[in-house]
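Have it open while you read.

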Amino acid sequence: SSDLLDDLADGYALGALDGALLAATPVAITNLAVLPLDYIEAQDVTPTLKSTWRRELLWSSRLAAEGQLADASPGDIVGREQVLAGYRGKTGAAYARDAVMAASIRRDGGPDGQTTGQWREFGMLYGILRQLHNDNSGDAAEDNEDLANHTPTLRLAHAFSSSGMHQRRHLVRLRQAARTDPAAR
């Protein structure tokens, strides 16, 4: 379901939405929001633990949406902060949520605020590292979905930040062409 919503966001960015993708959107939203909350409610755990889990699920869902919005930024030049904001939301939030939820089981409702923050930070950093690994999956450039979808990556941000003005203009042209031209990728 998260892949489906990511594809929806990418399709929207490309202006290439099809009926099947739009029709599947309510199913994806249900799978990502309603079912996890139902699952939490069905668990035989204390109300305090359920409350912690709901809080983390809602927090991570909001951050994931913000990450998708950071990815959809229309700008031609990509900055590191923009990319890292997307990584924190798209991947880091889910890992942070899971780390806090797992830690909360041991303390029946959650660790204290400082410990929660530490687990959240650990999960966030782990998720960002996971996204960096995913960005470098070894796909051939012409098959790179991030380039085709106009998704900002840290590698692209580095290319922009370390290039001169002429090279940056060339990168912008290539990035625009990469949406439809495998050779530009």
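1. A word on terms before the details: helices here are DSSP runs of H or I with at least four residues, numbered from the N terminus. Also keep in mind that this is a predicted model.

2. On the overall fold, the protein chain has eight helices and zero strands. Following the sequence, the pattern reads α-α-α-α-α-α-α-α.

3. How does the chain pack? Of the contacts in the protein chain with a separation of 6 or more, 65% are between residues 24 or more positions apart. Buried residues account for 32% of the 185 residues. The accessible surface comes to about 10700 Å², and carbon and sulfur atoms hold 57% of that.

4. Now for Gln 131, which sits in helix H5, spanning residues 113-135. Is Gln 131 buried or exposed? Its relative accessibility is 8%, so Gln 131 counts as buried, the cut-off being under 20%.

5. Which residues does Gln 131 touch, once its neighbours within four places in sequence are set aside? Tyr 87, Lys 90 and Thr 91 are in contact with Gln 131.

6. On the aromatic side, a search of the whole structure turns up three aromatic pairs. One aromatic cluster is formed by Tyr 95, Trp 119, Phe 122 and Tyr 126.

Key
Residues are numbered from 1 along each chain as its sequence is written. This is a predicted model: local features need pLDDT of at least 70, side-chain atom pairs count only at pLDDT 80 or more; totals for chains, interfaces and linings use all residues. Side-chain values use heavy atoms; hydrogens and water are left out. Helices (H or I, at least four residues) and strands (E, at least two) are DSSP runs, numbered from the N terminus. Buried means under 20% relative accessible area, exposed over 50%, partly exposed in between (1.4 Å probe, protein chains only). Contact means heavy atoms within 4.5 Å. Accessible areas come from the Shrake-Rupley method with a 1.4 Å probe; for residues, only the protein chains shown count as cover. Rings of Phe, Tyr and Trp (its six-membered ring) pair if their centres lie within 6.5 Å; planes under 30 degrees apart count as stacked, over 60 as edge-to-face and the rest as tilted.
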